[in-house]
Amino acid sequence: MFKRVTISLGLLLLSGCAAYGVIDNDPLSESVPSSAYSIENKAHGQGSGDITMTLAFSGGGTRAAALAYGVLEELRDTTVLIDGQSRRLLDEVDIISSVSGGSFTSAYYGLHGDRIFEDFKDKFLYQDIESQLVRGLLNPLVWLGPTGRTEMAVKIYEEEVFHGATFADMQRTDGPLILINASDLGYGVRFSFVQEYFDLLCSDINSFPVSRAVTASSAVPLVFHPIVVENYYDCKTAGKPDWLVAAAERMDNDPDMAQVIRGLESYYEKDHREYAHFVDGGITDNLGLRAIYEVVELAGGAGELFKMHSIKPPRYAALITVNASTDPETAIDKTNKQPSVAETISAMSNVQLHRYNDVTQALTERSLERWAASLSTPDHTVTPYNVQVGFKDILHPDDRSFFNRIPTSFSLTEEQVDRLIEAGRALLRNNPNYQRLLADLGGRAGSSSNTPTL
């Protein structure tokens with residue numbers, strides 16, 4: 001099927017057919033609605049306040065979605081003691097940041113909460129979504145149609161998973177903030193689907209379909225067209241938001257953040273940016289960690305962020321990264337035969353992905369320590385816990401080889417899905433930093449878990 005899609009893609013590129021993105025984002029009527037799906041409105045989270053817990057779900061198709069689902073199951077079945085009360089650790093989650101395949105799990109949990117444990121496997125994880133996508137990609141009407149291939153994907157995700165849900169439906173009072181992340185193809189900036197970022201477009205997030213955000217987060221360039229949104233002008237006479245102006249002044253000497261800010265400021269160049277084109281979030285951050293880092297740093301650091309939203313510093317700050325990237329064996333070094341184009345591209349992509357992932361994880365680990373220190377006082381220490389869940393920590397070579405061979409696909413066998421869910425649970429439970437967190441919280445894993453040690 002991959003070869004057929006590749007051949008069809010080549011024919012399309014040769015044909016030079018034009019397609020136009022469907023615009024489905026509404027302008028702000030007058031001002032930002034008080035009920036907007038925003039960082040501001042979700043800042044206080046759903047937890048007890050003693051612990052700030054953030055999850056990051058990586059890309060990787062259904063493999064990533066299933067591994068993330070397993071982590072949610074383990075958190076559901078883990079209880080901790082806070083102020084003498086027993087609470088599920090899942091109920092302490094404040095933020096979930098996700099890209100690509102991980103965004104299917106985060107978005108569904110954001111919309112439906114515990115219902116995810118009742119029907120998400122059948123709705124998505126066990127489904128052969130990829131065959132439906134491939135059939136659409138091989139349909140001449142899709143190739144030659146005026147709206148492009150991505151609308152076909154949006155329709156499939158709508159019918160199979162999201163059923164017309166918008167970000168207004170995501171505004172559950174007892175749910176965490178969900179940061180669905182995509183990449184701006186024009187300027188390379190990471191974009192999160194929350195009102196603060198939609199403000200830059202003078203647009204209303206509440207009416208935007210969740211399926212379109214998830215499609216953008218997982219839209220592999222060339223195979224799928226970008227999700228296109230209109231950059232409205234009406235609200236721009238009021239100038240740039242205060243947080244962006246302050247960040248630009250503060251980050252002038254930080255090349256990485258200065259680039260981020262320049263990308264965000266570009267939405268005010270209306271003459272050059274009438275539209276924005278969003279593609280796979282994994283291009284700018286395949287772990288979902290950069291969104292968390294940028295939100296904190298754009299606010300001026302953890303202390304300023306907590307002060308801005310009137311949040312009392314917690315005693316514990318936990319960050320759990322669910323990394324579904326694989327390290328498959330390559331056969332190119334077993335022969336002097338020159339590698340194929342596909343093998344070369346795959347090798348180059350793997351090198352870049354792993355190097356960027358390693359840099360991002362190191363940056364986040366240092367930042368978490370710094371944020372915790374900035375929130376601490378002599379009378380109130382904030383203890384950080386950096387928990388990384390990934391296949392590299394699987395001890396048994398046969399098990400590790402099995403997971404590293406699972407493709408980045410939207411069509412896995414039930415055995416692969418079930419083992420990924422078990423792996424998510426086991427890798428989280430066996431992580432030393434997670435065990436330290438449970439010990440400090442007087443926690444215990446649920447008796448319903450029969451997760452093996454990998």
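Here is a short tour of a strand and a disulfide.

This is a predicted model, where local features need pLDDT of at least 70, side-chain atom pairs count only at pLDDT 80 or more, and totals for chains, interfaces and linings use all residues. Residues are numbered from 1 along each chain as its sequence is written, and side-chain values use heavy atoms, with hydrogens and water left out.

**Strand β11**

- Strands (E, at least two residues) and helices (H or I, at least four) are DSSP runs numbered from the N terminus.
- All eight of the eight residues of β11 (residues 316-323) are buried, so the strand is largely enclosed by the rest of the structure.
- Buried means under 20% relative accessible area, exposed over 50%, and partly exposed in between (1.4 Å probe, protein chains only).
- One side of β11 holds Tyr316, Ala318, Ile320 and Val322, the other has Ala317, Leu319, Thr321 and Asn323, and both faces are covered.

**Its neighbours**

- Two strands pair if DSSP finds at least two bridges between them.
- Strand β2 (residues 51-57) runs parallel to β11, joined by seven bridges; threonine 52 has alanine 317 of β11 as its bridge partner.
- Strand β12 (residues 383-390) also pairs with β11 in the parallel sense, over eight bridges, and asparagine 323 stands opposite glycine 390 of β12.

**The disulfide**

- Counting pairs of cysteine sulfur atoms within 2.5 Å gives one disulfide.
- Cysteine 202 is joined to cysteine 235, S to S 2.0 Å.
- The torsion about their S-S bond is about -85 degrees, so this disulfide is left-handed.
- Cysteine 202 counts as buried at 2% relative accessibility, while cysteine 235, at 26%, counts as partly exposed.
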